[in-house]
Amino acid sequence: MASGTSIAKAYVEIIPSMEGAQSKITKGLNVESTGTSEGKKLGSSLSSGFSSVIGKVGKVVATTATALVTAAATGITALTTSAIKSYAEYEQQSGAIEKIYGDSASKISEYASNAWQTAGMSVNDYYETATSISGALIKNLDGNTDLAAEYADRAISQIADIANTYGYSIEETSEKYKSVALGNYTTIDTLTAGSFAGTKAGFQELIDTTADMIDVQEDLGITVESGEYTYDNFVNAMEVWNTKMGIAGTTTDEALNTISGAFNSTKASWENFKTAIGSGDADMLASSFEGLKTSILGVEGEANGLV
């Protein structure tokens, strides 16, 4: 694909310290590594690569793609500044994850690396959310950080599915989950589309109701304990409820089968790519580029399906 080749050729020369990254990316794309690093040419290459997609997708896609192209066309300085900022945030967030989750930090890292597709989240956003709900989970799970990491990933998948289903933003839905972790139950109403009241009684009803859905629990391999009103039990209750309502798994499905889902993945993978540029790490750059390439191909594939 021409756009993928242009991106690979241009970006690998942005950070001189990334020796070896270019060969890894170009080898994966089967192209010669003889590109240019000029900002305007990068913008032109991206614009050319996206042009066929933009024409088929419409205003929403065009706006997002144009913003991406414009950012690239402004030149290396602006892109590098943004990349450094993204990596600085990454260092801060990953440091918090290591401190909180300890030996289980690698598990969170693995989940986060796939979040661009499973949750439409960048690594940085995933880390931030996993950190914000960690206190309640680790406390309720008696300090078991490995189990807390699994529950955090389950909660983040729920956040993405609820946001996609009800039209909320990821940020807004994350805040709702954070509120519940802090004992604020007013968001239960919107998280369940009005099925349960935004009160402590509504929170308890959600848990007790899903505790009776034994067949769903068995299918999922999880348990909801009636009368146990803790955050970890709430996460399991939401998993059961979302499954019963046909909400669970919608984010992953949309990333593979819809234009909006593919574009959310692209935005997240773009953020990951910027972070990799700021890191100066060849392996990180090559890995994040693969995600970006895959997500862009997903957008193009869905757009071609409209024709």
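Mentor: Happy to! Of the residues that line the second largest pocket, six are nonpolar, nine are polar and none is charged. Please keep in mind that you are looking at a predicted model. The lining is made up of 15 residues, and those that lie nearest the centre of the pocket are Ser 113, Val 123, Met 284, Ser 287 and Ser 288. Two or more lining residues come from each of these elements: α6 (105-113), α8 (123-132), α17 (259-279) and α18 (282-304). Helix α18 contributes the most to this lining, namely four residues. As for the space inside, the second largest pocket holds about 320 Å³.

Now let us turn to the helix pair. Two packed helices are described by the angle between their axes and by the distance between those axes. For helix α10 (residues 145-166) and helix α15 (residues 231-244), the axes come within 10 Å and cross at roughly 45°. Because of that angle, α10 counts as oblique to α15. The crossing of α10 with α15 is left-handed. On the α10 side, the contact is made by Tyr 151, Arg 154, Ala 155, Gln 158 and Ile 162. Facing them in the contact, α15 supplies Asp 232, Val 235, Asn 236, Met 238, Glu 239 and Asn 242. Sorted by type, the residues of this contact between α10 and α15 are five nonpolar, three polar and three charged.

Technical notes:
Residues are numbered from 1 along each chain as its sequence is written. This is a predicted model: local features need pLDDT of at least 70, side-chain atom pairs count only at pLDDT 80 or more; totals for chains, interfaces and linings use all residues. Side-chain values use heavy atoms; hydrogens and water are left out. On a 1 Å grid over the protein atoms alone, a cavity is a set of points where a 1.4 Å probe fits but cannot get out, and a pocket is an open set with protein on both sides within 12 Å along at least five of seven lines; lining residues have an atom within 4 Å of a point. Grid points are joined across faces, edges and corners, and a volume is the space filled by probe spheres set on the points. Ala, Val, Leu, Ile, Met, Phe, Trp, Tyr, Cys and Pro count as nonpolar, Asp, Glu, Lys and Arg as charged, and the others, Gly among them, as polar. Axes are lines fitted to C-alpha atoms, for helices over the stretch in contact, and angles run from 0 to 180 degrees between N-to-C directions. Angles under 35 degrees count as roughly parallel, over 145 as roughly antiparallel, 65 to 115 as roughly perpendicular and the rest as oblique. A crossing is left-handed if the near helix is turned anticlockwise from the far one by less than a right angle, and right-handed if clockwise. Contact means heavy atoms within 4.5 Å.
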